[in-house]
Amino acid sequence: EQRNQELREKIMRLKKERNAIILAHYYQRPEIQEIADFLGDSFGLAQKAATTDADVIVFCGVHFMGESAKILNMDKTVLIPDERAGCPMADMVNVSGLKKLKAQHPNAKVVAYINTSADVKAETDICCTSSNAKNVIKSIDAEEIIWVPDKNLGHWVSQFTDKKMIIWEGYCNTHDQLTVDDVRKLKEEYPDAQFVVHPECRPEVVAMGDFIGSTTGILKYCRESNHKQFIVGTEDGVGYKLHVDSPDKEFIFASKYMVCPNMKVNNLKKIADCLETMQPQIYVPEEIADNARASLERMLSVEA
Ligand code: 13P
Ligand code: SF4
């Protein structure tokens, strides 16, 4: 604790010196969520990154999130505390694979989940997050949609449109682990609990949800609900904010395996170090950034 206090003080001092802002995703470790200037889900973080007037953004999340922040702010320095924090789902689609699929469906518009690399985003028409995915699909003026990379989110969204969706076979290792059996057992054990679930989970698990939504959606639902007990089908980091928002409610995480190891590689020491050395920074080539920015800006114009 003494060490953490020293690190927090160092971070506060360096943040002022550099005119930096710390953005953190809800899946980060609690001690990081505690010191963040802004805490959000993928959509909230992209919105904040697009509007901040800080000179330096310290992005505590995974690589594609830092990249998106950089694309929206090419003149700013975007630091990520650990370069190894990637997203395995984002790595499941690459430019050559997407180009092949586009050639097979020349009339389709391409929607990319924000969980994609900058060069993939540059090949798309619009991005989305789980917060605004349904509205993004509604906004598309084509009968065919290529959807990358999350098959589970794609399946969920496809229920709300008549358009033909060509869905890539990617998935989130963390959310895809949750099974119907895991949830069924907990529902038997806690019959009064509501099951809240992220649409990155498998379709049959999502179908069991009393509420289905993005991280911010889950937080809002639990905060505003009259229920007192929830079975939570998403990454374990969300527990921090659920408890801060509703200390009197009970949250039972649906699986102890729903921990994203990439989100957990950041710590206070790495944040202090990156603010000190101003490394590692995110770089995105100008041309890729210009094309990817068009997709991200379209996404930001669609309501969550
Ligand atoms: P949201 O933050 O949009 O809910 O997405 C979850 C996620 O897996 C981020 O990597
Ligand atoms: Fe990627 Fe899943 Fe981790 Fe989010 S939780 S960063 S989608 S692996």
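## Around the ligands

Let's start with ligand 1, whose surroundings are made up of Asp41, Ser42, Phe43, Cys87, Asn115, Thr129, Ser130, Ser131, Cys172, Glu200, Ser214 and Thr215. A residue is near a molecule if its C-beta atom, placed from the backbone, lies within 6 Å of it. By class, this shell holds three nonpolar, seven polar and two charged residues. Here Ala, Val, Leu, Ile, Met, Phe, Trp, Tyr, Cys and Pro count as nonpolar, Asp, Glu, Lys and Arg as charged, and the others, Gly among them, as polar.

This is a predicted model, in which local features need pLDDT of at least 70 and side-chain atom pairs count only at pLDDT 80 or more, while totals for chains, interfaces and linings use all residues. Residues are numbered from 1 along each chain as its sequence is written, and chains are lettered from A and ligands numbered from 1 in the order in which they are written.

Ligand 2 has 13 residues around it, and the closest are Val62, Cys87, Cys172, Thr174 and Cys260. Its shell divides into seven nonpolar, five polar and one charged.

## A sheet with the order 6-5-7-8

Strands of a sheet pair through backbone hydrogen bonds, either parallel or antiparallel. In this model, four strands with parallel pairing form an open sheet, in the order 6-5-7-8. Strand 6 (126-128) and strand 8 (164-167) stand at the edges with a single partner strand each, so one side of each has no neighbour in the sheet. From one strand to the next, the twist averages 30°. (Strands, E, at least two residues, and helices, H or I, at least four, are DSSP runs numbered from the N terminus; two strands pair if DSSP finds at least two bridges between them.)

Strand 7 (residues 144-148) and strand 8 run parallel and are joined by four bridges. One place to look is isoleucine 146, whose bridge partner in strand 8 is isoleucine 166. Helix 8 (residues 151-158) packs on this sheet, touching strand 5 (109-113), strand 7 and strand 8, and its direction makes about 170° with that of strand 8. Contact means C-beta atoms, placed from the backbone, within 7 Å. Axes are lines fitted to C-alpha atoms, for helices over the stretch in contact, and angles run from 0 to 180 degrees between N-to-C directions.

## A sheet with the order 10-9-11-12

Another open sheet has four strands in the order 10-9-11-12, with parallel pairing. Its edges are strand 10 (211-212) and strand 12 (250-253), each with a single partner strand, so one side of each is left without a neighbour in the sheet.

Definitions and conventions. Contact = placed C-beta atoms within 7 Å.
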